[in-house]
Amino acid sequence: YPYSLAQILLIVSGFIATLASAIPTDSMIGVLQLVVIFGLCYLIHCSRMPEEKCIELVRLCIYLGAILAPLALAQFLFGYRGWLGSTEQQADAADGLFDAAGGFYRSSATFGSANAAGAFFFAVFVIAILHASVYRKTRVIYGAMAALCGAAGFSTSSRGALMGAILAVSV
């Protein structure tokens, strides 16, 4: 399986960040989401599905990241008021769980925590970079989606997910 080392590094770095996290339960949710995403990637690799179907599933992950990224960036800039956050997210934001430096907010998009969102966005960031490097015709489009998901990942202030993405890309 060609991505095993990169995915293991993402999961290990997320687990290490979970141990150092102020709220380990929220961080562990992000690690578990990575395990689910990478498990699906592994199952796709092991399945007897035609290659085109597998590529469609990977593209679906990238598209979902690109669709959710603007919401994360809006939350980062404007907080969780109105349609930018669910009732639960607004309650958590009122308790200060999403506060970040400089008057910004830690985004979480539609996920339950900023760490879970960071794990998702940085995983999609790595997948989009890999996709852009393999398929030359769509390199610009997938590169732009990678940049969008990377920006959304940064807006979550999830250090563990960021460290995992850096390790995965550098492998």
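Author: Setting aside neighbours within four places in sequence, T18 contacts P24, S27, M28 and V31, where contact means heavy atoms within 4.5 Å. This is a predicted model: local features need pLDDT of at least 70, side-chain atom pairs count only at pLDDT 80 or more, and totals for chains, interfaces and linings use all residues. Residues are numbered from 1 along each chain as its sequence is written, and side-chain values use heavy atoms, with hydrogens and water left out.

Reader: Does T18 count as buried or exposed?

Author: T18 lies in helix α1; helices are DSSP runs of H or I, at least four residues, numbered from the N terminus. Buried means under 20% relative accessible area, exposed over 50%, partly exposed in between (1.4 Å probe, protein chains only). T18 has 4% relative accessibility, so T18 counts as buried.

Reader: How are α1 and α2 oriented to each other?

Author: Axes are lines fitted to C-alpha atoms, for helices over the stretch in contact, and angles run from 0 to 180 degrees between N-to-C directions. The axes of α1 (residues 4–20) and α2 (residues 24–46) come within 9 Å and cross at roughly 170°. Angles under 35 degrees count as roughly parallel, over 145 as roughly antiparallel, 65 to 115 as roughly perpendicular and the rest as oblique. That makes the α1 and α2 pair roughly antiparallel.

Reader: How many charged residues are in the contact of α1 with α2?

Author: On the α1 side, the contact includes Q7, L10 and F15; on the α2 side, it includes P24, M28 and F38. Ala, Val, Leu, Ile, Met, Phe, Trp, Tyr, Cys and Pro count as nonpolar, Asp, Glu, Lys and Arg as charged, and the others, Gly among them, as polar. The contact residues divide into 11 nonpolar, 4 polar and, for charged, none.

Reader: How many of the 21 residues of α5 are buried?

Author: α5 reaches 30 Å from its first C-alpha to its last. This helix is mostly covered. The buried count is 16.

Conventions
Helices (H or I, at least four residues) and strands (E, at least two) are DSSP runs, numbered from the N terminus. The expected span of a helix is 1.5 Å times one less than its number of residues.
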